[in-house]
Amino acid sequence: MSSTLLLIQLLNGIQLGVLLFLIAAGLTLVFGVMGFINLAHGVQYMIGAYLTVWFYGMTGHFGAALVLALLAALALALFLEFAVFRHLYDRDHLDQVLATFGVILFLNQAVKVIWGPVPLVISPPEFLAGTFRLTENLNYSIWRIAIIVIGLAIAALLWFLVTKTRIGMLVRAGASNAEMVGALGVDIRRLFMIVFGFGAMLAGFAGSIAAPIYSVEPGMGDGLLITAFVVIVIGGIGSIRGTFIAALLVGLVDTLGRSTITDILKLFLEPSAANQIGPALASMAIYILMAAVLFFRPEGLFPAQGRRA
Amino acid sequence: MRAAIPALIAFVFLAAMPLLAEFWGGSYVTGLVMRAMILAIAALSLDLLIGTCGLVSFGHAAFLGIGAYTTGIAITEGTTDLATILGITIAISVLFALVTGAISLRTHGVTFIMITLAFGQMLFFTFSALSAYGGDDGLTLWEGAHAYGAFEFEHGLFYIILGMLITIWFLLGCLREARFGRVLLAAKENSTRMETLGYGVFGYRLTAYVIAGVIAALAGVLIANEAEFVSPALSAWQRSGDLIIIVVLGGMGRRSGPVLGALAFVGLEESLSSLTHDWRLIFGPLLIFIVLFAKGGLASLFERRQA
């Protein structure tokens with residue numbers, strides 16, 4: 001494989017990693033602070049993408065569509081928190097998995113009913129559309145670069161919020177020991193709602209910016225949700241730093257795995273066997289990574305400090 | 001004993017089903033009931049993990065896939081003898097359960113849920129990549145397995161499935177009451193205490209994990225023979241979710257729970273989907289409602305209320 005192709009795959013991997021980070025950040029905070037497994041987090045990503053396409057059709061302006069979609073996604077998230085999730089915080093993980101699975105079933109089907117089962121497409125805003133020359137004969141999409149830049153900026157903002165502000169301090173304290181934070185007089189329910197709304201908006205935002213490059217279809221969040229869970233488990237639950245590193249790691253391993261494993265296998269095996277095993281092994285790469293990490297460090301790479309298992 | 005009554009009633013009803021279907025529904029209904037019974041077998045095995053051990057496995061459908069694909073591949077390659085297929089299935093599922101169980105059981109809580117999910121996904125992608133055996137599209141079986149003529153009887157497969165269901169239900173019930181099951185139940189309450197008392201909790205749990213895996217793989221063999229079709233979707237994570245739903249719907253850790261849960265699940269799916277194409281719009285909220293308000297599942301409806 002040529003070095004330019006490798007460069008493109010590297011960029012694609014980072015872009016996927018950044019997108020995963022946006023989804024996983026909310027997931028890990030919600031789980032870290034509230035001990036709440038939200039399978040429906042991937043649905044927020046899907047809703048973000050659909051609403052962006054929808055508002056884009058109405059307003060014809062990507063920026064406006066993005067803002068409207070985020071507000072609508074936030075409203076939906078707060079409604080779900082109020083109607084369903086709030087009643088699950090004290091339940092065991094099994095109940096949480098099941099009830100949020102029910103939310104997935106409902107919303108996936110609702111999206112199919114409203115917008116139809118056919119994948120929708122949307123183009124990025126004009127000034128970020130198109131490609132630029134990476135090398136003499138290779139172009140790279142500007143929008144993907146934009147996603148990387150936006151994602152890194154949000155990661156920096158999150159780092160600032162979590163480590164330098166009062167609310168961030170409370171979130172970190174909550175991830176270590178939510179009961180103690182509540183006992184010290186912090187309105188823990190309100191903190192939950194802020195974290196939850198913020199996390200859902202991040203996932204919705206990921207959906208919005210992913211809409212121009214992936215097909216917008218019912219169930220598009222499911223696969224990514226599972227990958228996001230892999231990310232937070234590898235990174236260590238409740239840790240933003242761990243999630244960021246794990247997201248990039250998973251993005252790179254997945255993307256590079258898909259483009260190189262078959263070729264690498266061809267060095268050892270017959271081409272036909274390599275073509276058989278390669279794709280399967282590539283799809284499995286991130287799960288193998290996760291199993292390996294958990295085997296050696298059951299708490300993940302960077303567990304939140306002081307967190308009790 | 002009382003807790004077993006709902007399941008026993010269900011078994012009598014199931015045994016009469018092929019006769020009843022003569023008047024109403026025909027082979028469509030018997031097919032549906034066979035599917036429900038197979039799901040009940042898989043759910044019984046999952047309840048050994050969830051209800052008895054307190055281990056929420058989110059990758060149990062992987063074992064269904066192992067059984068189904070072993071059958072599918074064996075038949076495609078010309079091995080149709082059921083005993084041979086069962087032997088291979090048991091060997092593979094024991095091996096898979098030992099390896100994945102030994103790794104998964106090092107973790108607990110959410111991490112256990114996630115790592116079992118990861119192993120399930122690995123198998124899902126493996127099956128999807130078997131391009132010689134249908135890949136993503138799955139594999140149609142042009143003939144079933146041979147069991148010394150037992151399948152050739154009218155409703156032969158039906159009664160074999162029912163027989164297996166009753167046997168496994170009975171054996172798992174005994175296992176739960178036996179010392180083995182009591183150690184697991186106690187470890188679910190407090191594993192540190194059991195360790196201190198000198199029980200090797202890890203070994204007990206790994207044994208339970210292997211038993212559950214083998215039973216689910218047997219259910220997979222039955223699925224392949226009933227549907228005459230196997231596909232990667234059998235071991236998708238949504239399938240594992242379905243199995244958890246069945247266990248909770250029926251009432252986890254309850255003698256009759258998984259059997260009632262599987263019958264109710266298939267019945268619900270069938271009646272809702274005949275009502276509207278978009279049945280998930282009803283099923284999703286119903287599931288939330290059940291989780292929020294109906295603790296103990298269907299089986300608890302038959303228990304004597306305690307003041």
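This is a predicted model: local features need pLDDT of at least 70, side-chain atom pairs count only at pLDDT 80 or more; totals for chains, interfaces and linings use all residues.

**Exercise 1: the interface**

Solution. In terms of residues, the contact takes 38 from chain A and 43 from chain B.

**Exercise 2: polar links and the side of chain A**

Task: Count the salt bridges and polar contacts between chain A and chain B, and then find which helix gives the most to the side of chain A that touches chain B.

Solution. The count of salt bridges between the two chains is zero, whereas five residue pairs, both partners at pLDDT 80 or more, are in polar contact across the interface. Three helices of chain A, namely α4 (93–115), α8 (220–235) and α10 (271–296), each supply at least two residues of the side that touches chain B. Of the elements of chain A, α4(A) gives the most to this side, with 15 residues. Sorted by class, the side comprises 29 nonpolar, six polar and three charged residues.

**Exercise 3: the nonpolar core**

Task: Identify the residues with the most contacts inside the largest nonpolar core, and examine the surroundings of B:Ile244.

Solution. The largest nonpolar core has 206 residues, and those with the most contacts inside it include A:Met34, A:Phe85, B:Leu165 and B:Ile244. Helix α3 (residues 27–53) of chain B gives the most to this core, with 18 residues. When residues up to four places away in sequence are not counted, B:Ile244 touches A:Leu94 and A:Leu98 as well as B:Leu46, B:Ile50, B:Val56, B:Ser57 and B:Phe58. A second, separate core of five residues includes A:Leu11, A:Leu138, A:Tyr140 and A:Ile148.

**Exercise 4: two single residues**

Task: Decide whether A:Ser208 is buried or exposed, and do likewise for B:Glu228.

Solution. A:Ser208, which lies in helix α7 (residues 188–210) of chain A, has a relative accessible area of 0% and is therefore buried, the cut-off being under 20%. Apart from neighbours within four places in sequence, A:Ser208 is in contact with A:Gly48, A:Ala49, A:Thr52, A:Phe62, A:Leu66 and A:Ala69. B:Glu228 lies in the loop between α10 (201–227) and β2 (229–230) of chain B, and its relative accessibility of 41% makes B:Glu228 partly exposed. Although B:Glu228 is not a glycine, its phi is positive, at about 55°.

Note on methods
Residues are numbered from 1 along each chain as its sequence is written. Chains are lettered from A and ligands numbered from 1 in the order in which they are written. Side-chain values use heavy atoms; hydrogens and water are left out. Contact means heavy atoms within 4.5 Å. A salt bridge is a side-chain nitrogen of Lys or Arg within 4 Å of a carboxyl oxygen of Asp or Glu. A polar contact is a pair of N or O atoms within 3.5 Å; within protein, one must be able to donate a hydrogen and the other to accept it, and residues adjacent in sequence count only if both atoms are side-chain atoms. Helices (H or I, at least four residues) and strands (E, at least two) are DSSP runs, numbered from the N terminus. Ala, Val, Leu, Ile, Met, Phe, Trp, Tyr, Cys and Pro count as nonpolar, Asp, Glu, Lys and Arg as charged, and the others, Gly among them, as polar. A nonpolar core is a set of buried Ala, Val, Leu, Ile, Met, Phe, Trp, Tyr and Cys residues joined through side-chain atoms within 4.5 Å. Buried means under 20% relative accessible area, exposed over 50%, partly exposed in between (1.4 Å probe, protein chains only).
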